[in-house]
Amino acid sequence: MPLLEATSLSKRYGDTAVFANVSLTVDAGEFVAIVGESGVGKSTLLNCMAGLDTVTDGTVRIAGRDVTSMAEAQQALLRREHLGFVFQAFHVLPHLSVAHNVALPLLLLGRPDAARVAQVLAAVGLDGLGARLPQTLSGGQLQRVAIARALVHKPQLILADEPTGNLDPATAERVLDTLCHQVRQEGAACVLVTHSRTAAARADRVLTLAADGIRAG
Ligand SMILES: Nc1ncnc2c1ncn2[C@@H]1O[C@H](COP(=O)(O)OP(=O)(O)OP(=O)(O)O)[C@@H](O)[C@H]1O
Ligand SMILES: [Mg+2]
């Protein structure tokens, strides 16, 4: 069973089409990159695949379950259990420390684990910063908090929206290594949205999103 199965997705705002006819299947242990020009709808597509935005047409299945026809509360539970989502705009909670932000998915699952939080912070190069508040961090550090939070509970499906956009090449490489580890060693499925050809090159498949659909290459 694929971890993510998107079938004939389309999204419109009134008369304006963002994308149409997007189908995509991602299996466990598979790393897929989606590229495409700014404004083509990559973030919208990722949000729709997570059930964080609604599609105009089509269906999304996560771990075999139809997200598109699910009530919002059920979607939230499914996300909590199976999904790690890296937002392009981070969405780190400003009043919580770095460590508390990263610990949140584990707390929501009733599985607090300070050692795992420390491990994932170290993996993205943030060891020693756990007690800091987000406002004291750089943009690239904040981005890595968002990545650590998405990975801390070892989700089966990782959806990452431009996760290396604010990082220098060496730090980007380290973050991509961490994502790849989740896929290759832990068997997660990952969809990475990026403008970076270097980041996309780490994926098993690269897809280009355009207004009329999604295609290989
Ligand atoms: N509420 C809205 N009403 C109308 N159009 C919208 C709305 N929200 C987003 N859009 C449009 O949808 C399109 C897709 O936006 P999206 O953020 O998904 O692009 P993107 O491919 O992620 O771009 P980038 O690479 O810059 O992050 C854009 O052209 C945007 O202007
Ligand atoms: Mg975007």
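Modeller: **The aromatic pair**

Phe 87 is partly exposed, since its relative accessible area is 24%; the class lies between buried, under 20%, and exposed, over 50%, with a 1.4 Å probe and protein chains only. Phe 85, at 10% relative accessibility, counts as buried. The structure holds 1 aromatic pair. The centres of the rings of Phe 85 and Phe 87 are 4.6 Å apart and their planes stand at 45°, so the pair is tilted. Rings of Phe, Tyr and Trp (its six-membered ring) pair if their centres lie within 6.5 Å; planes under 30 degrees apart are stacked, those over 60 are edge-to-face, and the rest are tilted.

The model is predicted: local features need pLDDT of at least 70 and side-chain atom pairs pLDDT 80 or more, while totals for chains, interfaces and linings use all residues. Residues are numbered from 1 along each chain as its sequence is written, chains are lettered from A and ligands numbered from 1 in the order in which they are written, and side-chain values use heavy atoms, without hydrogens and water.

As for the setting, 51% of the 217 residues of the chain count as buried. Of the contacts (heavy atoms within 4.5 Å) between residues at least 6 apart in sequence, 70% join residues at least 24 apart. The C-alpha atoms fill a box of roughly 45 × 35 × 35 Å along the principal axes.
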